[in-house]
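Look over the sequence and the fold before reading on.

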Amino acid sequence: MLFRAEHAKEAQTVINRYVRLRDAHLGCISCDKPASWGGQWHCSHFRSVGAAAHLRFNLLNMNKSCSACNNFLSGNIAGYRPKLIEKIGQARVDWLECNQDIVRHDIPYLKRIKAVFTKKVRRIEQRNEVSQAWAAM
């Protein structure tokens with residue numbers, strides 16, 4: 001039997017993969033590294049999980065980031081914010097910054113997040129495989 005924290009970790013892993021696939025064509029949200037950069041890509045939270053656990057699975061709060069910005073510059077928020085405004089708009093960034101909701105993700109919700117995003121990841125990966133097959137012809 002898994003505890004809530006383990007379910008949260010599994011759901012986070014799947015949704016992070018989805019965000020990296022969703023944003024595959026984009027560069028780092030925080031710096032000028034292009035999508036063609038050969039390093040490791042992460043899923044970065046605009047508002048960190050520690051500061052805003054209720055936004056942990058909010059897709060507006062999650063974007064592809066290079067490992068340098070996410071790991072060594074704590075998300076590089078100085079670069080992140082202006083690019084996030086370009087991507088989703090000022091009103092949504094303001095909403096993320098001001099959101100102080102109290103949410104506790106229960107196990108059924110976490111299981112659903114994992115299941116939904118596992119399907120989404122599979123669909124994107126299958127589309128990519130078909131695209132690659134067509135390109136090879």
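## Strand pairing

His45 stands opposite Met62 in strand E2. The model is a predicted one. Strand E1 (residues 41–45) pairs with E2 in the antiparallel sense, over 5 bridges.

E2 spans residues 62–66 and is mostly covered, with 5 of its 5 residues buried. Both of its faces are covered. Met62, Lys64 and Cys66 are buried on one side, and Asn63 and Ser65 are buried on the other.

## Nonpolar cores

The largest nonpolar core has 15 residues. Tyr18, Phe57 and Phe117 have the most contacts inside it. Helix H1 (4–22) and helix H5 (107–136) are the elements that give this core two or more residues. H1 supplies the largest share, 7 residues.

Which residues does Tyr18 contact, leaving aside its neighbours within four places in sequence? They are Leu59, Phe117, Lys120, Val121 and Ile124. Another core, of 9 residues, lies apart from the largest one. Its members include Tyr80, Leu84, Ile88 and Leu96.

## Cysteines

How many disulfides does a search of the whole structure find? The count is 0. A disulfide needs two cysteine sulfur atoms within 2.5 Å.

For Cys43, the closest cysteine sulfur is in Cys28, 12 Å away, so it is too far for a bond. Cys43 is buried, at 9% relative accessible area.

For Cys69, the closest cysteine sulfur is in Cys66. The distance is 3.6 Å, which is also too far for a bond. Cys69 is buried, at 2% relative accessible area.

Key
Residues are numbered from 1 along each chain as its sequence is written. This is a predicted model: local features need pLDDT of at least 70, side-chain atom pairs count only at pLDDT 80 or more; totals for chains, interfaces and linings use all residues. Side-chain values use heavy atoms; hydrogens and water are left out. A nonpolar core is a set of buried Ala, Val, Leu, Ile, Met, Phe, Trp, Tyr and Cys residues joined through side-chain atoms within 4.5 Å. Buried means under 20% relative accessible area, exposed over 50%, partly exposed in between (1.4 Å probe, protein chains only). Helices (H or I, at least four residues) and strands (E, at least two) are DSSP runs, numbered from the N terminus. Contact means heavy atoms within 4.5 Å. Two strands pair if DSSP finds at least two bridges between them.
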